[in-house]
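Reader: I am new to reading protein models, and I would like to learn how to look at one feature after another. Could you take me through this one slowly?

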Amino acid sequence: GPTPDIGNFSLIDYFVQLLGQEIMKKQILKFTQLAKENIGGAERTETLTEKQVEAEKRAKAVRSLVDDVNHQISATVTGSSHEVDKRQKGLPINKLGLSMEKAAEQLAPETILGLVMKDGADCEKDVAFRQAETEISMDRQVYKNMKSLLKTEGQKLDTQREKLSSARLTMDTFASQLANATKYGNSDKIPSLQSELERASENFHRERESYSVKLNAFKGLEKEFAKYIVNYLRLQADFHRDCVAILEDRVSQLESRLDVIPQNPLFGSDLSQHLKSTGRKLATVIEKCIEVLWIRSLKTQGLFRLAGSASEIKKLKISFNNGLANCDDFLDDHVLADCLKQYLRELPDPLLTHNLYDDWLAAAGHSSEQERREALAAVVYKLPTGNYDNLKYLINFLSELKQFEDVNKMSARNIGLVIGPNLLWSRDTQELNATFAETPIMSRITEDLINNYSVIFCKGEKIVRPEEATNDPVAPPRRRRPAPQPPVRSPSTSSGGSPSVESERRPPPQVPIPASRTLPK
């Protein structure tokens, strides 16, 4: 043809222009072919085989459904942080734990409600920590992996489907052009169109085969998606299993504590009713306080004479009333001693009983020591079994305490002065003058019981010293661990004043531990 007048254009610009015109021409022809197919003016080659159509429907359903399930999985995850502590803070169950912890602090842990709140808070926070761990694992191992696999493989399918559609359209376009050239006798275009159609047809079948391969590959991914779902369920099962273990262990402990809580407070309750309802031989307060005092306090100066901290005594009494007392937690021996005295004083019927009040006074009135001892022994054996057992246990301990009077400054007389008024008193306690008048008598009775313990309480029994004893259910058992020692108190402190505390702690007393004796029948 004639030489093109390219003017100021370079040769490269000229060929680019021609190429653009050719590409645009092809695009216009494809658009025309597509329009004819849509309005039914041209035949359309089926893009997919029947098997491919079914496989494509299956792939679309899998993609849609798996994506929806994965979205719901992500909805179960409450946080976005990959640090367990940070994620835990945002969990509702952790906030509940913090609320229970705050309630426990205000209610005091020595109360049953405070204890339940404290243990409940720990339990909820443990569950929250485990939930945070599980959510992070679900996010990393399930949600993100499944989302990535769906996106990557789905894009491959979409890309290949577009290529196949384009190849089919190109092939149909050349087929339509060839048909028109043949119809209108454009024989000069027929060879080139036939060649283009052949190449387009080969490309179409090649792209369709590639699409089949990708459909089959995507179908094979169903097992991978299933594995992710199973992994999610496994993580969920592990989480709930751990939570059940945490909850059952804590609930079991709390239920056990609730079972041992007395129906009525120990302080101020009748001794016989307490022993009957609990099936015990020794009152809880008497046994537990003496059990610890016997181990660590026989050399404590002024025991039962010096006052303990009022707030600590109140705390210990609340613990006893709620069935939660652990005397080892109270380092001050005087707190335990004062608590024991208050328990004895708050009994509705004193340990030596109102019914035998006149008998005790008559026995104490004998001037002869031997007569007084025999009279006291006679009254002792009139006591109800529960009162006798607890009195014997108490006097046994006090008689041992007296053995260290050179160190603890608590002679039988001194012990009688502070313990006696808590063992027996008049029914009419309103008469203050009568109470003061009775105090020396009660102290004398207690002193005689201590000095004559082996004679009064062990008739016909072999007297076993603590270092020789091996089996005695009335005496406290051996301790598994040494009890912590309280600070040394100034011996100048009186029972009515505030005790002074030295900075140094006294060494633990080397006291032989008594074992069991048989309770009197």
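This is a predicted model: local features need pLDDT of at least 70, side-chain atom pairs count only at pLDDT 80 or more; totals for chains, interfaces and linings use all residues.

Reader: Which residues make the contact between H9 and H14?

Author: On the side of H9 they are Ile286, Glu287, Ile290, Glu291, Leu293 and Trp294, while H14 contributes Asn390, Tyr393, Leu394, Asn396, Phe397 and Glu400. Sorted by class, this contact of H9 with H14 has seven nonpolar, two polar and three charged residues.

Reader: At what angle do helix H10 and helix H11 cross?

Author: Helix H10, residues 310-321, and helix H11, residues 333-345, cross at roughly 60°, and their axes come within 9 Å. H10 passes H11 in a right-handed crossing, and the residues in contact are Glu312, Ile313, Leu316, Lys317 and Phe320 of H10 together with Val335, Leu336, Asp338, Cys339 and Gln342 of H11. By class, the contact of H10 with H11 has six nonpolar, one polar and three charged residues.

Reader: How many disulfides are there by the distance rule?

Author: The rule asks for two cysteine sulfur atoms within 2.5 Å of each other, and by this rule the count comes to zero disulfides. Cysteine 289, for example, is in no disulfide, and the nearest cysteine sulfur, that of cysteine 327, is 4.4 Å away.

Reader: What share of the residues in the chain is buried?

Author: A residue is called buried when its relative accessible area is under 20%, and buried residues make up 43% of the 521 residues in the chain. The chain holds 18 helices and two strands. If you take the contacts in the chain with a separation of 6 or more, residues 24 or more positions apart account for 79% of them.

Reader: Where is glutamine 88 found, and what is it in contact with?

Author: Glutamine 88 is found in helix H3, residues 84-89, and is buried, with a relative accessible area of 11%. Leaving aside neighbours within four places in sequence, glutamine 88 is in contact with Asn94, Lys125, Ala128, Phe129 and Ala132. Sequence distance and spatial distance can be set side by side here, for glutamine 88 and arginine 130 are 42 residues apart in sequence and 8.5 Å apart in space, C-alpha to C-alpha.

Reader: Which residues does threonine 446 touch?

Author: Threonine 446 has its place in helix H17 and touches Gly416, Ile419, Gly420 and Leu423, not counting residues up to four places away in sequence. Threonine 446 is buried, with a relative accessible area of 0%, and its C-alpha atom is separated by 9.6 Å from that of valine 418, 28 residues apart along the chain. Serine 443 also lies in helix H17, residues 432-451, and counts as buried at 5% relative accessibility. With neighbours within four places in sequence left aside, serine 443 is in contact with Gly416, Leu417, Gly420 and Pro421.

Reader: What is the phi of phenylalanine 304?

Author: Phenylalanine 304 has a positive phi of about 75° although it is not a glycine. Phenylalanine 304 lies in the loop between H9 and H10 and is buried, with a relative accessible area of 0%. Threonine 353 likewise has a positive phi, of about 70°, although it is not a glycine. Threonine 353 lies in the loop between H11 and helix H12 (357-364), and at 4% relative accessibility threonine 353 counts as buried.

How values were computed:
Residues are numbered from 1 along each chain as its sequence is written. Side-chain values use heavy atoms; hydrogens and water are left out. Contact means heavy atoms within 4.5 Å. Helices (H or I, at least four residues) and strands (E, at least two) are DSSP runs, numbered from the N terminus. Ala, Val, Leu, Ile, Met, Phe, Trp, Tyr, Cys and Pro count as nonpolar, Asp, Glu, Lys and Arg as charged, and the others, Gly among them, as polar. Buried means under 20% relative accessible area, exposed over 50%, partly exposed in between (1.4 Å probe, protein chains only). Axes are lines fitted to C-alpha atoms, for helices over the stretch in contact, and angles run from 0 to 180 degrees between N-to-C directions. A crossing is left-handed if the near helix is turned anticlockwise from the far one by less than a right angle, and right-handed if clockwise.
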